[in-house]
Amino acid sequence: MNTAGKIFRYQLRAAVRSRWVLLYAGFFFAAAEGLLRFGGDSAKAAVSLLNIVLMLLPLVSILFGTTYLYNARDFVEMLLAQPVRRLSLFTGLYAGLTVPLMAAFVIGVGVPFVTHSFTSSTPSSGIDASALTILLFAGVALTAIFTAFAFLIASLCEDKALGMGVALVVWLLLGILYDAGILAIVWTFHDYPLETPVLAMSIANPIDLARILVMLKFDIAALMGYTGAVFEKFFGTGFGLALSASSLFLWIVLPFWAGIKVFIRKDF
Amino acid sequence: MTIIELKKLKKNFGTLSVLKGVSLSIEAGLTVAILGPNGSGKTTIMKSLLGLVKPDSGELWFRGELLTAKAINDGAYRQNIGYMPQIARFEENMTAREMLAMVRDIRNTTASHQLTKYVEELTRLFGLETQLDKPLKTLSGGTRQKVNAVLAFMFEPELLMLDEPTAGLDPIAASNLKDLILAEKKRGRTIVLTSHVMSDIEELSDIIVLLVEGTIYFQGSINELLGQTQERTIERAIARILKSQSTKNIKDHEHSR
Amino acid sequence: MTLLQTIILPIVASLFLLSQLTAKTFDVYPSGGALARVVALAHAGDTLLLHEGVYRESGIVVDKPLSLQGQRSGGAVVLDAENKGVSILFIRANNVSICGLTFKNVAVAYTTDNAAIRADNVRNCVIENNTLDNTFFGIYLAKSSFCRIANNVLTAHGSHESSSGNGVHLWRCDSITIHHNTVNGHRDGIYFEFVHTAVITQNLSTGNLRYGLHFMFSDSCVYEQNTFRRNGAGVAVMYTHNVHMVNNRFEDNWGAAAYGALFKDIDDSEVRGNVFVNNTIGLYAEGCNRSIIEQNEFLHNGYAVKIMANSMSNIFTHNTFEGNSFDVSTNSLQNYNTFRGNYWSRYQGYDLNHDGVGDVPFRPVRLFSLIVEQQAPALVLMHSLFVELLDIAERALPSLTPETLVDNEPLLKPYRKPFSHSSLSRK
């Protein structure tokens with residue numbers, strides 16, 4: 001096994017014991033279970049969960065990831081003093097953080113949905129498997145993206161307080177301000193056909209992309225009228241799916257790659 | 001044989017110049033103490049050798065080989081180095097045993113059985129037997145420092161770099177550690193250490209390197225140091241050098257005005 | 001009253017009895033043109049008992065008061081037009097009844113509205129317990145009155161609006177009862193034009209290509225306990241006064257142009273106790289005035305109520321709004337309608353004196369819905385954090401949403417009807 005794999009393995013073992021990871025899984029479990037039990041049908045629960053996933057998951061991932069790398073500073077130094085390449089260490093640590101967070105999310109959200117689909121008596125409250133799959137997939141991708149950003153930021157900023165600030169700003173930018181920008185553009189250029197530009201902008205932001213992919217599964221396309229039809233058509237094509245997948249992939253790879261570049265040059 | 005050679009090593013952190021062209025060569029088998037005030041660049045020298053800090057210019061030689069950027073990145077040469085950092089707050093949810101296993105795993109050590117025996121010896125020496133299976137977050141700072149020491153020594157490396165090794169240790173553990181260092185020294189290992197404890201330096205080191213603001217002010221044996229400064233203790237000798245240097249600095253400073 | 005009781009009723013009754021005494025029953029069996037011949041032979045008041053089998057006949061004109069009945073005990077009595085491009089039965093006399101028959105295969109025609117049963121200018125017809133399958137138009141009544149259409153099952157399999165007919169089609173009729181029919185797969189399930197005082201109860205209209213129910217210029221009709229489900233565009237009713245829609249269900253009409261119910265120019269009407277669930281737009285009102293919308297449930301719709309600015313003086317009260325993406329949407333900052341005492345699941349106010357009425361007014365129009373109303377592409381931002389924040393900000397400092405569109409007495413729990421009929425409507 002290569003060094004990155006070894007580091008990942010040991011990190012994984014440590015992460016299972018981390019109360020933060022357990023808390024994180026517990027939070028999603030409680031949210032999903034609560035929404036399914038008290039929030040009516042599973043489609044509605046999934047939409048509510050979508051809000052939580054889109055808001056909290058990136059925030060937690062980026063803040064947790066940033067803190068994690070800052071706190072692991074001594075550990076990183078010790079490991080770098082071993083015959084280890086920085087690339088291997090970075091990759092191992094990244095996987096060692098991201099995979100447990102993904103697993104916590106998938107288990108936390110997935111288990112209540114699956115148990116409810118088995119225990120519920122009425123067929124209508126059974127889970128919509130494809131919607132849940134998309135939701136889980138979106139959550140997994142967002143985790144990878146925002147932990148990659150976290151590692152980039154923590155490698156870039158020596159000062160922890162500054163790093164946390166930057167992490168928060170990145171989240172604000174992608175999670176809120178970007179959408180404000182879309183709205184501003186829609187408002188300013190309302191005389192033009194905006195479906196394609198809006199589509200492009202949505203694909204360019206991972207949170208928006210994740211949101212729209214899940215929304216289309218919930219038939220919300222109908223609500224969106226012509227815009228929805230354009231979106232549904234686009235995402236129904238292989239090209240649309242390939243473009244979405246590559247967008248998410250790029251959002252993981254680019255910050256990760258930049259993070260490695262910075263990490264390799266960095267002084268400890 | 002020269003095991004370490006630094007040639008005109010320079011390093012700036014932003015506007016702060018930490019190493020101002022340090023040249024230093026260390027003979028194999030000797031114990032070298034790098035002394036100097038806080039922020040004088042002691043740790044930076046060690047970290048440069050480990051590849052943790054990338055020097056701006058200058059050369060680093062280890063065992064007769066130039067440490068190029070590629071060599072540093074590959075890191076194979078670090079097989080021969082044991083490092084005990086000043087502070088050791090490691091992955092909190094791991095146990096000491098896992099931590100040792102992890103580093104061993106990463107090192108791809110083949111003679112694992114024998115090593116285990118040696119590790120056992122080391123843990124016994126530091127009284128860590130009962131602490132090995134507790135998560136590191138539950139261990140005290142001193143205990144962690146002992147784990148840290150085990151990590152540095154367990155591979156029996158040719159070169160040991162110990163950054164303030166006795167800081168934070170109780171007197172018994174400190175003296176155990178010093179015994180260990182002396183034993184390693186006897187086995188012909190090269191040891192580079194920093195310390196603020198003069199008695200430790202007197203006890204352990206053959207060579208003293210005095211580093212002030214990124215420049216080497218003195219390099220030689222303890223006797224040479226005492227002889228040169230006409231002082232009776234290392235402490236006073238160093239103080240004298242620093243004092244004369246600072247008055248000279250002030251003069252320089254006034255002169256430049 | 002006295003006149004009616006003492007003179008007319010006995011006369012009518014005795015005439016009826018007389019006809020009964022002289023009336024004959026014909027047994028009819030399927031063979032080439034048999035039914036048409038028997039109809040021609042029979043006299044007013046006779047009963048034709050059709051026995052099991054397939055009658056490959058169409059264009060049969062019933063021009064005297066006859067009763068056509070499928071024999072109950074046997075198998076299906078099928079009237080098969082074999083796609084010959086003409087209606088199967090023409091009713092041209094009063095007091096005709098058609099019961100227990102199966103009608104099949106009326107061809108699509110683009111110039112004439114062929115149907116299984118066409119009635120023109122008649123009174124007192126009864127069409128009951130029939131099964132219609134693939135009949136282009138189903139039951140087509142023109143200029144008729146006092147008819148009863150009940151317990152029929154109408155099925156069509158059209159795929160295009162232009163080549164499909166309506167299930168129950170009424171034109172210039174009055175006093176018609178349409179009860180407990182099942183209409184499926186037509187263009188419009190139930191279609192009225194210039195129909196008055198009809199009573200439409202417990203029908204199930206599903207999977208029709210265009211509308212489950214579609215009427216225009218049809219005043220003073222009563223719609224109770226019907227279910228309109230999964231129709232292409234839902235239900236659309238227009239240019240009508242005095243509509244009574246009570247305890248109906250409007251379900252699962254989901255699509256870019258689908259409505260639970262689209263009301264256009266509907267005045268002075270009553271919409272009570274209905275359930276609007278899972279529709280893109282639950283209730284769409286345009287140019288509707290002076291109507292009362294009460295005790296309805298709007299559940300899980302995209303838009304529960306979309307009310308255009310040209311609607312005035314409508315009262316929304318005791319309705320339940322739950323789980324809708326948008327509770328109320330409008331296209332204007334002006335509002336001339338009253339919202340009072342409804343339950344809104346989105347309401348977050350409190351009730352200090354525990355009278356069941358929230359102490360803080362509720363503004364059902366989300367700022368985002370106003371934005372979307374003007375800039376449709378903005379809908380892509382739905383469920384985004386930014387939009388949620390926008391709505392929270394607007395709720396805290398209302399400045400852009402219609403000032404008067406506010407429920408000052410929002411309920412903390414859904415309104416409980418004194419007695420619920422909705423459970424009786426067909427599922």
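1. Conventions. Residues are numbered from 1 along each chain as its sequence is written, and chains are lettered from A in the order in which they are written. Because the model is predicted, local features need pLDDT of at least 70, side-chain atom pairs count only at pLDDT 80 or more, totals for chains, interfaces and linings use all residues, and side-chain values use heavy atoms, with hydrogens and water left out.

2. Which chains touch. Contact means heavy atoms within 4.5 Å. Two pairs of chains are in contact, and chains A and B share the most contacts. Chain B and chain C are joined by no contact; their closest C-alpha atoms lie 34 Å apart.

3. Extent of the A and B interface. On chain A, 30 residues are in contact with 35 residues of chain B. The size of an interface is often given as the accessible area lost when the parts come together. Here chains A and B bury about 2900 Å² between them, with 51% of it on carbon and sulfur atoms (accessible area lost, 1.4 Å probe, summed over both parts).

4. A salt bridge links A:R9 and B:D105, with the closest N and O atoms 2.9 Å apart.

5. The chain A side. Elements giving two or more residues to the side that touches chain B are α1 (3-17), α3 (42-71), α4 (73-80) and α12 (238-265) of chain A (helices are DSSP runs of H or I, at least four residues, numbered from the N terminus). The largest share, nine residues, comes from α1(A).

6. The largest nonpolar core. A nonpolar core is a set of buried Ala, Val, Leu, Ile, Met, Phe, Trp, Tyr and Cys residues joined through side-chain atoms within 4.5 Å. The largest has 194 residues, and A:F75, A:F235 and B:F153 have the most contacts inside it. Helix α6 (residues 129-156) of chain A gives the most to this core, 16 residues. Apart from this core lies another of 87 residues, including C:C173 and C:F276.

7. A:F75. Beyond its neighbours within four places in sequence, A:F75 is in contact with residues including A:Q11, A:L93, B:F90 and B:M94.

8. A:S88. This serine is found in helix α5 (residues 86-119) of chain A. A:S88 counts as buried because its relative accessibility is 14% (buried is under 20% relative accessible area, 1.4 Å probe, protein chains only). Leaving out residues up to four places away in sequence, A:S88 touches A:T3, A:A4 and A:I7.

How values were computed: Buried < 20%, exposed > 50% of the residue type's maximum accessible area, 1.4 Å probe, protein only. Buried area = accessible area lost by both parts, 1.4 Å probe. Salt bridge = Lys/Arg side-chain N within 4 Å of Asp/Glu carboxyl O.
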